[in-house]
Amino acid sequence: MTGVAISRDRVVLPPEAVFEATLLDVSQPEAPPVVLGRQRREPAGQPPYAVHIPYPSARFAPKGRYEVRATVTLEGRILLASEGRHPVPQDAAYRHVNVPLRRQLPFAAVADASVPLTLTYWRLVTMDDEAVPRPTEGHTLPHLVLQADEARATGAGGCNRFLTDYNLNGAQLFFGRVVSNIALCLDRGALEGRFFTALEGVASYRQQGTHLLLRDAQGKPLLGFEAAETPLQ
């Protein structure tokens, strides 16, 4: 898989910066994306960057969905990141994708972020500072994904899928009314209800490495997430 990563902003990167491009299988939106291949350039040098990601071609299913994402980081903190979705064509002869990079927003909420806020698969790990147990095999992970092409968030509560609008303004983050399907899950229903209620009470956020903390208007922690992806088996 080839392409070019181009910065939309005029930047002069420090010599310690690292460029990384990842090819992901996003065919199953309810599960963390599967890493099919990764390119790492250290030191990154200055953009643009030639993208060249080896991958097992047998893993490209006819109806699968595949994307390329890229970042430039310094000591684990994002300097530049791809924005939006960058799908990979199914035809092997045309698997060339150009990826625009944008400067990370200059907010304290994202100053220590290792992954972008949007399009990351955020797995729920805590509610009210209490650990959330991992679901048993066959159950969906409670998770959240903030879409990039529209101000909408999707995910699952562990039983039902949901969607909601969101409003992002600096370090402020608000979610609208959560809309979900209505399957009944006796073992996960209470946790799911708390999750949905907490989302509607979010007023701000803070990223730390691969973790995301959502807080209410008084700064109380409501929900904690960890970025998740699945390595190629």
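Which strand is His143 found in? His143 lies in β11, residues 143–146. Strands here are DSSP runs of E, at least two residues, numbered from the N terminus.

A word on the source. This is a predicted model: local features need pLDDT of at least 70, side-chain atom pairs count only at pLDDT 80 or more, and totals for chains, interfaces and linings use all residues. Residues are numbered from 1 along each chain as its sequence is written, and side-chain values use heavy atoms, with hydrogens and water left out.

Back to His143. Buried or exposed? His143 has 2% relative accessibility, so it counts as buried. The cut-off for buried is under 20% relative accessible area, with a 1.4 Å probe and protein chains only.

What does its side chain reach? The backbone oxygen of Leu141 is reached at 2.8 Å. A polar contact is a pair of N or O atoms within 3.5 Å; within protein, one must be able to donate a hydrogen and the other to accept it, and residues adjacent in sequence count only if both atoms are side-chain atoms.

Now contacts, meaning heavy atoms within 4.5 Å. Beyond four places in sequence, the partners of His143 include Pro29, Trp122, Phe162 and Phe195.

Next, the open sheet. Eight strands, mixed pairing, order β4-β1-β7-β6-β5-β2-β3-β19. Pairing takes at least two DSSP bridges between two strands. β4 (49–52) and β19 (230–231) are at the edges with a single partner strand each, so one side of each has no neighbour in the sheet.

Inside that order, β2 (18–25) and β5 (66–74) run antiparallel, joined by eight bridges. Ala21 stands opposite Ala70 in β5.

Conventions:
Helices (H or I, at least four residues) and strands (E, at least two) are DSSP runs, numbered from the N terminus. Buried means under 20% relative accessible area, exposed over 50%, partly exposed in between (1.4 Å probe, protein chains only).
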